[in-house]
Amino acid sequence: MNKNKIYNIAIVGLGNIGSYLFKFLNKNRNYLSNKNNAGFRIIYVSAKNKKKKRNLKITKKQWIGNYIDVFKKKDVDIIIELIGGAEGPAKKLVFGALKNKKHVITANKALISKYGDQLSKIAEINKVNLEFEAAVCGGVPIIRSIKEGLIGNKINRICGIFNGTSNYVLSSMDLNKSSFKDTITKAKALGYAESNPSSDINGDDVASKVKILSSLCFNSFINENIHVEGIKDIKEEDIVNANKLGYKIKLMGFSEIFGNKIFQRVHPTLVKKTSYIAGVDGVLNAVIINGKPIGKNIIQGEGAGPSATTSALVSDISSVLRGNIKFPFAISNSKRKKYSSGKIIDLFFSSYIRLDVKDKYGVLSDVTKIFSNNKVSIKRVLQSPYKNKKRSSIVIITHRSKDNYIQKTLKTLAKKSYIIQKPKLIRIENG
Ligand SMILES: NC(=O)c1ccc[n+]([C@@H]2O[C@H](COP(=O)([O-])OP(=O)(O)OC[C@H]3O[C@@H](n4cnc5c(N)ncnc54)[C@H](OP(=O)(O)O)[C@@H]3O)[C@@H](O)[C@H]2O)c1
């Protein structure tokens, strides 16, 4: 640590996050320099469109027209990538910056979950930082917690709510008894969902975060195999049924290690109303880690938005200012392991299954026979006929069964003439 050292920072991307960070760093320069015992200045900035109105005080000298030039500049120490996307300019910038021995800070989960292994090798060889605290759960300091605060622990499971948009949608559907479609429209109007929220809704955003967290928890290379289901098929009636049964529905991500296999999954999950995770509503995120000797550890906070994300970016900047050159994935790449991946069909769950059926004689007994033929035992049944519609909804809660058997049961049921639409499965988390 050198208290006379001044680090030159370049910020590329001045959208939601980049413009907030630019203002925050300018306003808090002295405070942060004193805390870190090293100074910094924003020497360059770049974005796509120079003519865009930004309400930022950018000098002529600071603006770089072509982002590629940023990593060629000799006077740049730290490059902060806030463009987004796994390919294109963000990828070119981060690879180029690390190859040119610049410290890199990024909030880009898509890039890190896809190219994190390659990037961390370059960072390690060139002895520069690659920091990505802001890529996972915004203001929740989960990456630094795993790398530093929990360093002494053997972690065997990480799970939680990793996406604020989907959590807001599910919480609002529950609170306002509204449909998925109406809720997403409202979320966009309030700024809780982007105009194209597909990666939040289809589970891909959570999947990227689970992959990054898994490799940090288990000292492994990034494992591409992950089971992903989103929330777009969750109906109001699922929320109502969940309530009747004492549950709430959450989109959760999980990664656990059994033997030599990592099991990664993202799917809507029924959690007991009395559980901690059921109380994490709205745009909040929460991460639960199980390890030894810590036991169960929970961190909660705002998962996205400029202020929470800036908090994470500043912790990354401080890490560089303090001369904290760390391996990007906690340990040297030469020591990271390659685990094989387990499949969800080999795991055991209690499950919620909703069947929309023709309301006629013998259906329920045929359904229960199919469950028993597939070695799935039933714990509870709720049957609700729809008035005047000659249809009925059957909700079945199963005892813990192998997921493979549940999926075979659903396949058999789907072929039956009395089934009106594809059976809905939601797995139950009893932990
Ligand atoms: N928004 C959040 O709450 C949040 C939370 C955590 C992490 N993140 C991550 O933070 C990153 C930035 O997100 P954001 O919400 O700030 O995105 P954004 O508002 O869309 O901003 C993207 C910025 O990148 C610039 N850009 C695009 N193409 C470029 C190019 N070819 N060369 C130079 N600049 C280019 C844009 O320039 P113009 O301004 O000229 O169009 C814009 O300033 C993403 O990786 C995102 O996943 C966001």
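**Note on the predicted model**

1. K375 is found in the loop between α12 (363–373) and β14 (378–386), where helices (H or I, at least four residues) and strands (E, at least two) are DSSP runs numbered from the N terminus. Phi of K375 is near 65°, which is a positive value in a residue other than glycine. K375 counts as partly exposed because it has 13 C-beta neighbours inside 10 Å; a residue is called buried if 20 or more other C-beta atoms lie within 10 Å of its own, exposed if 12 or fewer, and partly exposed in between, with C-beta atoms placed from the backbone.

2. This is a predicted model, in which local features need pLDDT of at least 70 and side-chain atom pairs count only at pLDDT 80 or more, while totals for chains, interfaces and linings use all residues. Residues are numbered from 1 along each chain as its sequence is written.

3. The protein chain has 13 helices and 17 strands. Its radius of gyration, taken over C-alpha atoms, is 24 Å, close to the 22 Å that the globule rule gives for 431 residues, so the chain is as compact as a globular protein of that length; the rule is 2.2 Å times the number of residues to the power 0.38. Along its principal axes the C-alpha trace spans about 80 × 45 × 35 Å, and 43% of the 431 residues count as buried.

4. An automatic or database domain assignment divides the protein chain into domain 1 (6–135), domain 2 (142–303 + 328–344) and domain 3 (345–429). The centres of domain 2 and domain 3, taken over C-alpha atoms, are separated by 26 Å. Between these two domains, 17 residues of domain 2 are in contact with 15 residues of domain 3, contact meaning that the C-beta atoms of two residues, placed from the backbone, lie within 7 Å. On the side of domain 2 that touches domain 3, α10 (236–245), β8 (247–258) and β9 (261–272) each supply at least two residues, and β9 gives the largest share, six residues. The residues of that side divide into eight nonpolar, four polar and five charged; here Ala, Val, Leu, Ile, Met, Phe, Trp, Tyr, Cys and Pro count as nonpolar, Asp, Glu, Lys and Arg as charged, and the others, Gly among them, as polar.

5. The ligand is surrounded by 24 residues, of which the closest are G13, G15, A47, K48 and G84; a residue is taken as near if its C-beta atom, placed from the backbone, lies within 6 Å of the molecule. Helix α1 (residues 16–27) gives the most to this shell, with three residues, and the shell as a whole divides into 11 nonpolar, 11 polar and two charged residues.

6. Helix α9 (residues 204–218) is mostly covered, since 14 of its 15 residues are buried. N219, which follows α9 and has a positive phi near 50°, lies in the loop between α9 and β7 (227–228). With 16 other C-beta atoms within 10 Å, N219 is partly exposed.

7. Two further local features may be checked in the model. The peptide bond from K292 to P293 is cis, with omega near 5°, and P293 is found in the loop between β10 (284–292) and β11 (295–302). F348 is found in strand β13 (residues 348–358) and, leaving aside its neighbours within four places in sequence, F348 is in contact with R400, S401 and K402.
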